[in-house]
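Please open the model in a viewer and keep the selection tool at hand. The tour visits two ligand sites in turn.

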Amino acid sequence: MKIIRVGLDVPVAKLFDYRGDAHADDVGRRVLVPFGKKTVVGVIIEVAAASAVPHHRLKTALRILRDEPPLPADDLRLLKFASDYYHHALGATVMNVLPARLRRINAPRQIPVCYALTAAGEAIDPDKLPARATVKRRLLALFKQQRILDYGAIRAVAVTAPAALKQLLALSWVEAREGVVPPPPAHTLGTTSARPPLTVAQNEAVQAVCAQLDIFKAFLLLGITGSGKTEVYLHVIDAVLRAGRQALLLVPEIALTPQLEAMVRDRFPGASITSLHSGLNESERLDHWLAAQSGQARIILGTRLAVFAPLPQLGLIVVDEEHDASYKQMDGLRYSARDLAVVRARQRGVPIVLGSATPALETYYNAKNGRYQLLTLPHRINAAPPRIDYISTREEKLADGLSPRLLAAIAVRLERGEQSLVFINRRGYAPVLMCHACGWLSSCHRCSAQLVLHLRDRHLRCHHCGHQSPIPATCPECGNAELAPVGQGTQRVETALVQHFPRARILRIDRDSTRPRHAWQTMRRQIHEREVDILVGTQILAKGHDFPHLNLVGVLNADSLLYSADFRAPERLFALLTQVAGRAGRGDAQGEVLIQTEFPQHPLYTALRSQDYAYFARNLLAERRQAGFPPFVYQALLRAEAPKLEAALEFLAAATHTAKALSQNVTIYDAVPAGMLRLAGRERAQLLVQSDSRSELQAFLSAWHAALADTQPNRARWSLDVDPLEF
Ligand code: ADP
Ligand code: ZN
Ligand code: ZN
């Protein structure tokens with residue numbers, strides 16, 4: 001009997017020893033063990049000869065699960081790093097990364113299925129099918145080209161492709177088979193479909209990366225919107241596939257995956273592509289994970305969680321829109337997928353490409369100081385950059401948030417049959433309901449936040465905790481019957497636009513309207529096929545989309561981010577507005593961007609007009625250096641929450657005391673209430689620590705975290721956030 005050290009999903013920073021009949025190659029496998037009165041699943045982290053636990057107290061592992069392959073050592077190495085760096089228990093880290101099916105005791109054994117063309121199907125000419133059966137035709141054509149497809153490839157054809165598959169199965173043109181799609185022969189792995197010749201700048205970028213495919217090297221691809229970054233990724237991926245390796249492509253949003261997946265499939269018809277994101281159901285998640293791990297999937301496309309996908313032949317990582325805040329997980333293991341991607345590339349000795357028009361200042365600084373290699377795409381491919389102009393809301397009177405000049409500009413585009421986008425980063429009808437008689441405001445009783453008025457389903461809703469209540473008929477304070485919405489959200493702007501342009505086809509795109517499954521895919525098609533004239537949307541629309549008929553972008557309410565206490569607010573606003581503006585004029589026409597603001601002379605807006613990221617970043621970096629903010633220092637935030645603020649502050653006071661006793665080269669700030677004091681019925685406070693040495697901060701955090709874990713906090717819950725993005 002050996003000793004196996006098992007990581008379990010418990011918040012304790014240690015491994016648990018069991019006796020077990022294990023070999024060295026069982027490391028990374030799942031195991032069933034008794035824990036307290038229960039049986040749980042864990043992962044074997046080590047196999048050892050002896051344990052520090054007295055022999056009679058050691059329990060015996062029940063069963064090592066050898067059906068699935070073990071997590072590769074390289075993956076465990078990344079997870080170990082994440083656990084150490086973010087001070088999150090290793091067992092919890094490993095278990096949280098596994099697909100849910102692998103975390104359960106009775107995970108039904110998945111038998112993978114793929115679909116193959118039959119002899120009967122072979123004999124059918126897709127072009128002879130009725131013209132209106134478009135999806136069926138396309139699907140059959142794809143089968144004739146590839147013979148065998150997995151479900152993911154089928155679903156990527158169209159939203160209704162699964163229904164078409166059922167028809168093909170019923171006709172016996174296609175049959176289901178056990179097993180996975182066999183990997184294609186190496187020579188078909190590269191790109192086959194037509195591709196545009198690269199521009200000089202694109203070519204330089206591709207060459208620079210391809211010259212270093214065998215070593216770790218981080219590249220920052222700084223390319224303005226519409227400069228063709230995607231094409232650079234695809235060329236580098238092509239080279240990596242030809243070298244027989246796998247490529248990992250990370251994107252910030254699930255909403256971006258279907259279009260990118262379709263593009264990648266189209267470009268690499270011979271390569272198996274799989275996706276990993278939270279929109280998959282459990283069995284898809286497991287299938288895709290195993291496809292990555294078996295090496296069958298050659299390109300893995302996914303959101304932040306995909307950074308952990310097991311990839312035995314990893315040859316390249318690409319992080320698109322690397323500045324995007326959604327790469328950071330805000331609970332549990334508070335990791336940055338972008339940062340872990342860089343660590344992973346270094347561990348594996350492969351290149352990583354970080355792409356953005358507005359990189360995070362941390363990334364840009366690394367490129368400037370030579371740790372990353374800077375590659376730039378300074379020009380748009382087909383068009384001039386959009387022209388940015390400001391509408392002073394001091395001079396123009398707004399109605400429902402819209403200025404006469406913006407409305408006139410929309411009318412011009414409508415006349416020409418072009419699309420416009422009105423951007424407002426608030427969903428709902430109005431951000432608050434108010435009584436003008438007594439000043440009552442609709443606010444959430446569980447959060448320091450206001451309840452947003454949603455007129456569509458007649459509710460007041462908290463966007464932070466989800467609490468909702470019916471709209472009161474009269475003021476709850478004074479009984480006044482006239483309650484008025486204050487400010488604008490997407491629904492109100494949509495309503496106003498309908499009144500102004502009764503004949504225009506208007507589409508609202510926000511988290512509410514895109515919630516139904518496949519809603520967004522349908523909307524995207526409508527936009528591409530010009531079934532829409534005016535889009536009203538939130539930042540869902542800002543990222544990465546290529547809408548060739550969209551030429552005017554109007555921005556409402558940009559100022560709300562201008563004077564925020566958060567030192568990252570200007571960086572975020574600049575990135576957001578650059579992204580939104582970048583949606584305009586990606587086809588042939590000149591794009592126009594009109595930003596409504598009270599402060600047209602603000603330096604941020606001046607820099608935005610000239611779209612000079614480098615200038616803007618240089619100034620911000622100088623400010624950050626002076627003020628002693630990241631990237632010139634490293635930070636961590638200890639957050640505490642309790643039913644009452646006093647308890648949270650009390651815990652942080654004790655933590656401060658502990659910290660001061662340990663403190664080396666680390667600055668410990670005063671504990672303060674959180675910017676948003678109450679959230680979901682709990683009150684929050686936080687304590688910032690920082691150092692100009694990452695390693696000293698890490699050493700301090702290890703000792704501090706261990707000391708905190710040993711104390712019994714009163715009623716406070718706490719967590720540590722390393723490299724926090726939000727304060
Ligand atoms: P970015 O991601 O940098 O904003 P995209 O990658 O979306 O830009 O490219 C913008 C548009 O230019 C896309 O429609 C793309 O197909 C097209 N494109 C990219 N590279 C080329 C090229 N070398 N020649 C012609 N068109 C290109
Ligand atoms: Zn009132
Ligand atoms: Zn709330």
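Select the shell around ligand 1, whose residues divide into 5 nonpolar, 7 polar and 4 charged; Ala, Val, Leu, Ile, Met, Phe, Trp, Tyr, Cys and Pro count as nonpolar, Asp, Glu, Lys and Arg as charged, and the others, Gly among them, as polar. Of these 16 residues, Pro197, Gln202, Gly226, Thr230 and Asp546 come nearest, a residue being near if one of its heavy atoms lies within 4 Å. Helix α9 (residues 229-242) supplies the largest share, 3 residues; helices are DSSP runs (H or I, at least four residues), numbered from the N terminus.

This is a predicted model, in which local features need pLDDT of at least 70 and side-chain atom pairs pLDDT 80 or more, whereas totals for chains, interfaces and linings use all residues. Residues are numbered from 1 along each chain as its sequence is written, chains are lettered from A and ligands numbered from 1 in the order written, and side-chain values use heavy atoms, without hydrogens and water.

A backbone N or O atom of Pro197 lies 2.8 Å from a ligand nitrogen, and a polar side-chain atom of Gln202 lies 2.8 Å from a nitrogen of ligand 1.

Finally, colour by accessibility: Cys475 is buried at 3% relative accessibility, while Cys478 is partly exposed at 40% (buried is under 20% relative accessible area, exposed over 50%, partly exposed in between; 1.4 Å probe, protein chains only).

Conventions
Polar contact = N/O pair within 3.5 Å; in protein donor to acceptor, adjacent residues only side chain to side chain. Helix = DSSP H or I, 4+ residues; strand = E, 2+ residues; numbered from the N terminus.
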